[in-house]
Amino acid sequence: MQRYIAQRILWGVPVLLMVSIITFTAMRLVPGGPFTSGGGGRPVPPDIRANMERKYGLDKPAWQQYLSYMYRLIFHFDFGPSFRKPGRTVNQMIFGINFWKAPLRAPILVSAQVGLVSLLLAVGLGVPLGLISALKQNSWIDYIVMFFSMLGVSIPNFVLGIILIFVFGLWLGWLPIFGWGDTILQMVLPAVTLGTHGLAFIARLSRASMLEIIHQDYIRTARAKGLRERVVIIRHALKNSLIPVTTILGPMTAAWLTGSFMVEWVFSIGGIGKFFVTAVTDRDYTLIMGTILIYGAALVFFNLVVDIAYAFIDPRIRFE
Amino acid sequence: MAVREKAVGRALELELRGPPVSLWRDAWNRLLRNRMAVAGGIFILIIAFGAVFAPWVAPYSYKKTNYDRTREPPSFPDYIMGTDELGRDVFSRIIWGGRVSLTVGVVGSLTALIIGITYGAISGYFGGRIDDLMMRFVDVMYGFPTLLFVILIMVILPQENPLQAMTSIFIAIGIVGWMGMARLVRGQFLALREKEFVLAARMTGVRPLGIIARHLLPNSLGPVIVALTLNIPGLILTEAVLSFIGLGVPPPFPSWGQMVADGWRGMRATPWLAIFPGLAITLSMLAFNFLGDGLRDALDPMMRGTY
């Protein structure tokens, strides 16, 4: 088990390295660097541009830039200076100006909070709804859950967010429509907006897997033994039916905890989700790299957590 | 497994019913019995018809302005979905915008299919070391955040006119979205290549390419078609997101995501500007999801209900 975990962690290292190399290469292919135009799109005089590029080390050969970046990142946990916001570092943009003073206000943790609340909503409602509709297959409740889950899978989160803002914020005036972290009520709309797609997806997934499980022979055996239906479902079927849900939770957690651009944009939340778009449109090289690496690290980590979770849910999954 | 028994029973029943039914015929009949899938299919055909024949179907051109009647709420004979701040007909712009969404959805899905099938076929056919290495690369590709990567590629590609913008969306989506298809095809091939008929083909001297094209591909066509259909809503969404943040087709040519982006700030005064295009995105994604679901149930009864 420990060896397996060590192996998986070690496998994460080359993945992240490859990701960083590909990102670095792709960034060099982008036409226009961070200093080709100033504020308002005015061209920057060539002398100033050369000076700026020298200051940030952009005049050195690409491999040197890459190595010195990786050196600072690995040994000093330094994502480098922002190429777009003068005087700011990428660490400040991601972890906040003063992380330890107000950790809950740090952009990365704001995004993580939004993701976590949405995740709790999606799993907490999605799994029970899926299981109920599987156990009552072809009943009206099954049809309703399946129809709404199909709708939930199909509605883009920005459309849903806009509708929710309109109905609950502007029309009924029940809920605040922007910000995060001041009141509990502020959490409702962003969490529903981000969580609905996953909720619907998890409901469909757990329904499908429960339907498959309850037709297995060992469930028939359990029933034939005379166990009560409740015991059959909870003791024998539930655990196995959760495996597919656990699988998708890895990538889903990674994506949600690192922030959703759309949700943060629509609800004016100051997380790191916005960097997934603005970093590229601003040509902020170091920020692009930082954002991708944080996402990649989260993905590697949560997939590892999922792999370990398998061991507890299903002892048949053995590690070699 | 009761599902399996039911499927076998169903096959027997069909066999006993008279004239032999081919696999595809049988799947088609099953698809037609699924009401939601049929409704989805019909809806898609309607939007596709509107998109292809937009100049004749749409009541106005997408750029026809009417400064006397700006921001008008929906009214029956003239503007059934209202007008925007320039007096352009929202309904006509939605019909025209269908061109962007459907093309990106279908062509993007085909691009991902071509890359994915080629990659998955090589990986699954050869197996072993090559397969190992190729699947590791897929892992690496999954390590990128989709939205950021699409935007990064789109920024690299030129987009001076609408056609170039569309092409760069296809390429970006193709580069980002092929991994799922590759994994699917690889899995199918790994399972199929151990079958006797493949061994027989190999013994009679059929070359690897022949085996892939003649024996392995046709036998994995069902799941591939399903994956192709279920890919489309995701791509329609990606395009809508790109247009929403201003990276899609350049205005004045409309796309649904761009219309939502332009309209949503004025939700209180002019809700129809954002709601109708938002509805268009949602309904067409819903239609493709229902159709894909129905296709899966029809093509592969064993897979019924899995997502």
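## Starting with chain A

Select chain A, in which buried residues make up 39% of the 320 residues; bear in mind throughout that this is a predicted model. Switch to a cartoon view and you will find 14 helices and zero strands in chain A, so that reading along the sequence gives the pattern α-α-α-α-α-α-α-α-α-α-α-α-α-α. Among the contacts in chain A with a separation of 6 or more, 68% are accounted for by residues 24 or more positions apart.

## The contact between the chains

Next, show chain B as well and select the contact, which takes 33 residues from chain A and 36 residues from chain B. On the side of chain A that touches chain B, at least two residues each come from helix H1 (2–29), helix H6 (140–154), helix H7 (157–171), helix H8 (188–213), helix H12 (261–266), helix H13 (275–281) and helix H14 (285–313) of chain A. Colour that side by class, and it divides into 27 nonpolar, five polar and one charged residues.

## The largest nonpolar core

Now select A:Ile202, B:Val150, B:Ile151, B:Ile173 and B:Val260, which touch the most other members of the largest nonpolar core, a set of 158 residues. Helix H14 (residues 272–299) of chain B gives the most to this core, with 16 residues. Centre the view on B:Ile151: which residues is it in contact with, leaving aside its neighbours within four places in sequence? They are A:Val277, A:Val280 and B:Leu247.

## Two loop residues with positive phi

For the last stops, recall that most residues other than glycine have a negative phi. Select A:Phe77, placed in the loop between helix H3 (62–76) and helix H4 (90–95) of chain A, where its phi is near 50 degrees, a positive value in a residue other than glycine. A:Phe77 counts as exposed because it has 9 C-beta neighbours inside 10 Å, and a residue is exposed if it has 12 or fewer.

Move on to A:Asn138, which lies in the loop between helix H5 (107–135) and H6 of chain A. Phi of A:Asn138 is near 65 degrees, again a positive value in a residue other than glycine. Is A:Asn138 buried or exposed? With 9 C-beta neighbours inside 10 Å, A:Asn138 counts as exposed.

Methods: Residues are numbered from 1 along each chain as its sequence is written. Chains are lettered from A and ligands numbered from 1 in the order in which they are written. This is a predicted model: local features need pLDDT of at least 70, side-chain atom pairs count only at pLDDT 80 or more; totals for chains, interfaces and linings use all residues. Helices (H or I, at least four residues) and strands (E, at least two) are DSSP runs, numbered from the N terminus. A residue is buried if 20 or more other C-beta atoms lie within 10 Å of its own, exposed if 12 or fewer, and partly exposed in between; C-beta atoms are placed from the backbone. Two residues are in contact if their C-beta atoms, placed from the backbone, lie within 7 Å. Ala, Val, Leu, Ile, Met, Phe, Trp, Tyr, Cys and Pro count as nonpolar, Asp, Glu, Lys and Arg as charged, and the others, Gly among them, as polar. A nonpolar core is a set of buried Ala, Val, Leu, Ile, Met, Phe, Trp, Tyr and Cys residues joined through C-beta atoms within 7 Å.
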